[in-house]
Amino acid sequence: MRPRDRLLAAVKGEEVFPVPVDVMENRIYPELESGLRRHYGLAEDDQEGLLVALGAHMRWGKPPYVGPPLEDSLVQPDSSFPYRRATRNIWGSWNGSNTWADMFNRPLISAETVADVEAHNWPDPDWFDYGRLGLGADALLEDYLPVSDWAERYADYARVVGAFDPVFGRIMDMCGMERGLEHMASRPDLVHAMVAHIGDFLEEYYRRAARECRGHIDFLEFGDDFAGQQGMLLSPRRWREYFLPLWKRLFAVAHEHDMKVLLHACGSIRAVLGDLIDAGLDVFQTVQVTASGMSPEELKREFGADLAFHGGMDTQHILPRGTSDDVRSEARHLIDVMGKGGGYVLSTMHLLMDDVPVDNVVAMYDESRSYQPDWAAGAVH
């Protein structure tokens, strides 16, 4: 079976052995990525060779930005960081630095009325070329291909289009964390106005992407972070009021175009995971097992009949600080618990960062191929 067929079978609820694996968003931090390429004897620019070596079953693409030039700035956040370049994004805030730290003016931090929100220069879906796709978030413009060519290049793999483009998180970014949370509690008029603009853009962005990619792509990726390690950053009641209707609209775009919904959401979101399933969620990505109420056993027992999982490997403690044996043990645990009954793609619960030893990454993916769980005998091979 091709990696694509194996992964789609797992997402449909079939037990697949070995379990499908992935590299989250096909992105690895630069120093670790270089170390892994050296380990596998690959050329320094061979991204695809590294994904093949690790056994990644998915390829992640997104349309290129072709809108107005974006402002950039050389900044020094504080004495502990070197100078680095930050770029103003399409929303008027900044990428390339800690997005929830107040290093730059927040474009809506001073908004007091709905009219102030309406007056903001909101992004235009015309700023993207939906007829082309590039691999990952950092593809060079010249590397983008027509959708059909991109899909053919990665025909053996499950193909994903989209990005982490949040709604709650975008409001925090544009208002600042403190101000944004104040609005959630006391200014529903402002929150609804911001959600309306963000949602209108995202719905049109995904609709155009889905229209161009129909028949070529398996998943649309969405993302938002609205929870911390101990629980939601706003009450489930408020979250349902402000955000759930939009997620229903966005998920419907994927299903209308014969694609499955994959949502990235970090933290302790268990309180609303059932709501997201009812809204149409197919695959929950991240599975932050270190957060409260997010143990693999509990998630699988409560939601496994209705949901597939992508992630789970601990990038906070085990991968960066554990031994290779610790990593292998955790991989076996995840395969035992989440792979049984199908519906699981082994991956990390966040991006592979530079603090992770090469040997630990190798151990994770190697164990996924060599370990034989009790349920393997009756699984699809």
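These questions and answers set values from a predicted model against the definitions behind them.

The model is predicted, so local features need pLDDT of at least 70 and side-chain atom pairs count only at pLDDT 80 or more, while totals for chains, interfaces and linings use all residues. Residues are numbered from 1 along each chain as its sequence is written, and side-chain values use heavy atoms, with hydrogens and water left out.

Q: Why is C175 called buried?
A: Buried means under 20% relative accessible area, exposed means over 50%, and partly exposed lies in between (1.4 Å probe, protein chains only). C175 has 1% relative accessibility, so C175 counts as buried.

Q: What makes C213 buried?
A: The relative accessible area of C213 is 1%. That is under 20%, so C213 is buried.

Q: Why is K300 called buried, and where is it found?
A: K300 is found in helix 12 (residues 296–303). Helices are DSSP runs of H or I with at least four residues, strands are runs of E with at least two, and both are numbered from the N terminus. The relative accessible area of K300 is 15%, which is under 20%, so K300 is buried.

Q: How far apart are the C-alpha atoms of K300 and R211?
A: They are separated by 33 Å, and the two residues are 89 apart along the chain.

Q: How far is D200 from R240, in sequence and in space?
A: They are 40 residues apart in sequence and 18 Å apart in space, C-alpha to C-alpha.

Q: What makes helix 1 mostly covered?
A: In helix 1 (residues 3–11), 7 of the 9 residues are buried. They are R4, R6, L7, L8, A9, A10 and V11. Just after helix 1, G13 takes a positive phi of about 105°.

Q: How do you know that strand 7 and strand 8 pair?
A: Two strands pair if DSSP finds at least two bridges between them. Strand 7 (residues 158–162) and strand 8 have 3 bridges, in the parallel sense, so they pass the rule. In strand 8, E221 is the bridge partner of G162.

Q: How many bridges join strand 1 to strand 7?
A: There are 4, and strand 1 (residues 58–62) runs parallel to strand 7. W60 has V160 in strand 7 as its bridge partner.

Q: Which residues cover the two faces of strand 7?
A: On one side A158, V160 and G162 are buried, and on the other R159 and V161 are buried. In a regular strand the side chains alternate between the two faces of the sheet.

Q: What order do the strands of the open sheet take?
A: The 9 strands run in the order 6-5-1-7-8-9-10-11-12, with mixed pairing. Strand 6 (145–146) and strand 12 (344–348) stand at the edges, each with a single partner strand, so one side of each has no neighbour in the sheet.

Q: Why is strand 12 called largely enclosed?
A: 5 of the 5 residues of strand 12 are buried, so the rest of the structure largely encloses it. Strand 11 (residues 308–313) pairs with strand 12 in the parallel sense over 5 bridges. G312 has S347 in strand 12 as its bridge partner.

Q: What joins strand 9 to strand 8 and to strand 10?
A: Strand 8 (residues 219–223) is joined to strand 9 by 5 bridges, and strand 9 to strand 10 (residues 283–286) by 3. Both pairs run parallel. L220 stands opposite V261, and L262 stands opposite V283.

Q: Which unit do strand 9, helix 11 and strand 10 make?
A: Strand 9, helix 11 (residues 270–279) and strand 10 make a right-handed β-α-β unit. Right-handed means that, with the strands pointing away from the viewer, the path from the first strand over the helix to the second runs clockwise.

Q: How many disulfides does the rule give?
A: A disulfide is a pair of cysteine sulfur atoms within 2.5 Å. By this rule the count is 0.
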